[in-house]
Amino acid sequence: MIYYIGGALKNFWGPARLLQSYAVLIALALYTGFFLSKILIPKLYKYLPCDRGREFALSKETAKGKPTGAGAVFITIFTVLCWLFAPIDYFQAGILALTWLMMLTGFLDDRSPSGWGEYKKAFLDLVITAAASFLIMHYLSKTSPDGRMQFWFPFLSTPVHIPAWLYVIITTAVLWLSVNTTNCTDGVDGLSSTLVLIALFTMGAVFYIVLGHVDISSYLLVPHLKDGASWAIITFCLAGVLMGYLWHNAFPSSVLMGDAGSRALGFFIGVCVMISGNPFLFLATSSIIFINGGIGLVKVALKRFFHISIFETIRFPLHDHMRKNMGWSPTQVLIKYMMIQLMITVAMLGIFFKIR
């Protein structure tokens, strides 16, 4: 909205043209999201459900009774601010709607006295991620020069074309994995939100500086994303509201995001990765999230469906193993995980964008 207001006013008042500067809009979205989230979340504690304490989690006793489901607040703020600051098209509107819907399913689970069953949540995740996959496929096929789906990879200077049905399957798998691994990582104060914040800043910079810039994307031999700057606004807006939440979730936390926050954040990160055109960017944004929570999902699936036991001496999510078996404090888990993710992110970006 502000983008179009700036376009209407710039002929009458010169400084209004700044409202069409993507750099200005990124800053406005980031700071507005932070302050609104920081101010509003504590005021809404009394309307949020109380945490029941996760089964088998080391921190379940300290978390039990705290207000949870704060993701409903900051994801709603994020959705509204995106309409205010970013020039939204139908595709971005659809993704925002699905992000909010993913938040809603998580919030309903948070407020349920007994919680929803694993299969019910997995099915709803599958429905929403599949819908997003078809939406992404439709949009990218319309904007592709030849109408075909393609990925770009390191070590290859030309994109790889894939059939639409395979693209939908891969995208659904990446989104579902991102949702559930992010949810599993939400067990130490500030951990999940900090790791997701790194991912958001990474993808925001990639959208604005690389994929959204014609000359830079051409130089690096990656496909140009014409809406890259607009996606940067949306991504930094989510980073802003997440920082506002993290202000209150830093150890010792006074509020938890719940499934309402973790599922929506995981979904959005997965969407950003797939829009970039390289599914392996998931390693640059969320490798620690995947290792921390994803291996645990594989362990449970193999045990439950195939009666195969792996990693029997390791607790999952891995942050519980580090705390119980390695003696790490919550702060040590957070700082060490954050440093490892930052080092992985820098290395992966160098490989993906320079070794072409």
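In this predicted model, the residues lining the second largest pocket comprise twelve nonpolar, nine polar and four charged. The lining has 25 residues in total, and those nearest the centre of the pocket are Leu-140, Ser-144, Gln-150, Pro-223 and His-224. The space in this second largest pocket amounts to about 400 Å³. At least two lining residues come from each of helix 6 (118–143), strand 1 (149–151) and helix 11 (258–276). Of the contributors, helix 6 gives the most, with four residues.

Helix packing was examined for helix 4 (residues 71–85) and helix 5 (residues 90–111), whose axes come within 10 Å and cross at roughly 170°. Because angles over 145 degrees count as roughly antiparallel, helix 4 and helix 5 are roughly antiparallel to each other. On the helix 4 side, the contact is made by Gly-71, Ala-72, Ile-75, Thr-76, Phe-78, Thr-79, Cys-82 and Trp-83. These meet Ala-93, Leu-96, Thr-99, Trp-100, Met-103 and Phe-107 of helix 5. The contact of helix 4 with helix 5 contains ten nonpolar and four polar residues, and no charged ones.

Across the whole structure, 14 aromatic pairs were found.

How values were computed
Residues are numbered from 1 along each chain as its sequence is written. This is a predicted model: local features need pLDDT of at least 70, side-chain atom pairs count only at pLDDT 80 or more; totals for chains, interfaces and linings use all residues. Side-chain values use heavy atoms; hydrogens and water are left out. On a 1 Å grid over the protein atoms alone, a cavity is a set of points where a 1.4 Å probe fits but cannot get out, and a pocket is an open set with protein on both sides within 12 Å along at least five of seven lines; lining residues have an atom within 4 Å of a point. Grid points are joined across faces, edges and corners, and a volume is the space filled by probe spheres set on the points. Ala, Val, Leu, Ile, Met, Phe, Trp, Tyr, Cys and Pro count as nonpolar, Asp, Glu, Lys and Arg as charged, and the others, Gly among them, as polar. Axes are lines fitted to C-alpha atoms, for helices over the stretch in contact, and angles run from 0 to 180 degrees between N-to-C directions. Angles under 35 degrees count as roughly parallel, over 145 as roughly antiparallel, 65 to 115 as roughly perpendicular and the rest as oblique. Contact means heavy atoms within 4.5 Å. Rings of Phe, Tyr and Trp (its six-membered ring) pair if their centres lie within 6.5 Å; planes under 30 degrees apart count as stacked, over 60 as edge-to-face and the rest as tilted.
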